[in-house]
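Let's take a walk through this model together, one element at a time. Keep the sequence and the structure side by side as you read.

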Amino acid sequence: MPMRNNTSKRKIRLSIMVVLGAALLGGVLVMRSYTEPEKHPPGKSYSAVSLRKTIKALAPLHEKLGKPKPGDWLERFDEPGQSFAQYLRCRPITPTKKRTTIYILPIGKFTKTQDKVLRQTAEFMGLYYCVPVKLLDPVADKLIPANARRTHPSWGMKQFLSPYILSKVLRPRLPKDGLVLFGITATDLWPGKGWNFVYGQASLRHRVGVQSIYRNGKPDDGPAAYRQFLRRTLKTATHEMGHVLSMLHCTAYECNMCGSNNRQESDRHPMWMCPQCLAKLCWAVRADPKMRFKKLAAFYKKAGFKAEQNFCEKSYKALGGKDDKTGENTDKKPPTPRGKPKNEPGKSARKSS
Ligand SMILES: [Zn+2]
Ligand SMILES: [Zn+2]
């Protein structure tokens, strides 16, 4: 959790809200300035009519959000929530003919294991959002000048200033066809004076975000540690992407779009989205929810995420899918090599920036 030195817990949590709240306000501005109303044909699986049926079919598989525990996000902050109907009314950000692709930009150096996590994150983002993803070649962290980096005064780790990365590293590099440009760094981030650190920060107005994997664990400490590291990285990336698509924090169910005030809380929330948030996602990117579950189940099976795989298989069946196909890994191809991008949904590739 982001922390300040020598300050009360209340102040610490307020600081977290400031960063995330700023992102949400940006999202509201974007909703009004960038989007145009979009109507999907009623017969399509991603139409509002069809997605309302999807919500009903999936609801029994989901757990309503209980009373917040002390220190939880909703115990600290009042949030309005956002139903599928409310989402449609806010004219959300969606991909367009011109704005088609999620770009991920690694910043600085990564270990071999971290690099594997980046590739899996790119693949997963494509499957989760049903939007083409391009994993760009890394940029050197020398782009970040001395006045935007520091050594933490008490703990001693190297840190980068996250607002600098958003405004000076990512914004100028957002490609013309970019739905979003996400930076990922293995170096710790801090958002400014008085702060100890932050996991990530987004500027939705400009469709850029950055996250650090520094505090996600030790992926080389065996298979369970690797899965935990990967799970945390995937959850942060997909949660932030939800905000880019104008999704507010979920207050209805245990859901990937729930706000998190600390590591325990964020680990507790699932990787999947609740029916309301899933409907938003599928409507925004015009995705067939059933096929999405099938593809995600295959990813989870390959990654060793059993609970997530089971959840996708159950959801697939609840939407009328045949169980003999779920979880089947039909993608036998090795990861796409660096420098050979493939502009296909569900695939990842690196491309020079
Ligand atoms: Zn959030
Ligand atoms: Zn939700």
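Strands here are DSSP runs of E with at least two residues, helices are runs of H or I with at least four, and both are numbered from the N terminus. Two strands are said to pair if DSSP finds at least two bridges between them. Within this pair, Arg150 stands opposite Gln159 in β4. Helix α6 (residues 162–170) packs on the sheet, where it touches β4 and β6, and its direction makes about 50° with that of β4. Contact means that the C-beta atoms of two residues, placed from the backbone, lie within 7 Å. Axes are lines fitted to C-alpha atoms, for helices over the stretch in contact, and angles run from 0 to 180 degrees between N-to-C directions.

Before going further, a word on what you are looking at: this is a predicted model, in which local features need pLDDT of at least 70 and side-chain atom pairs count only at pLDDT 80 or more, while totals for chains, interfaces and linings use all residues. Residues are numbered from 1 along each chain as its sequence is written, and chains are lettered from A and ligands numbered from 1 in the order in which they are written.

Now step back to the sheet as a whole. It is an open sheet of three strands in the order β3-β4-β6, with mixed pairing. Its edge strands are β3 (149–151) and β6 (188–190), each of which pairs on one side only. From one strand to the next, the twist averages 35°.

Next, turn to strand β5 (residues 178–185). Why is β5 described as largely enclosed by the rest of the structure? Seven of its eight residues are buried, so the rest of the structure largely encloses this strand. A residue is buried if 20 or more other C-beta atoms lie within 10 Å of its own, exposed if 12 or fewer, and partly exposed in between, with C-beta atoms placed from the backbone. Strand β1 (residues 101–107) runs parallel to β5 and is joined to it by seven bridges. Strand β8 (residues 208–212) is also parallel to β5, with five bridges between the two. Thr185 is a handy landmark here: Ile107 stands opposite this β5 residue, and Thr185 in turn stands opposite Ser212 in β8.

Leaving aside residues up to four places away in sequence, Thr121 touches Ile104, Thr233, Leu234 and Ala237. Thr121 and Ile104 are 17 residues apart along the chain, and their C-alpha atoms are separated by 9.1 Å.

What happens to the backbone just after α5? There, Cys130 takes a positive phi of about 55°, although Cys130 is not a glycine. Cys130 lies in the loop between α5 and β2 and is buried, with 23 other C-beta atoms within 10 Å. Arg286 likewise has a positive phi of about 55° without being a glycine. It lies in the loop between α9 and α10 and is partly exposed, with 16 other C-beta atoms within 10 Å.

Finally, look at how α9 meets helix α2 (residues 48–58): their axes come within 9 Å and cross at roughly 150°. The two helices are therefore roughly antiparallel to each other, as angles over 145 degrees count as roughly antiparallel, those under 35 as roughly parallel, 65 to 115 as roughly perpendicular and the rest as oblique. Among the residues that meet are Leu51 and Ile55 in α2, and Ala279 and Trp283 in α9.
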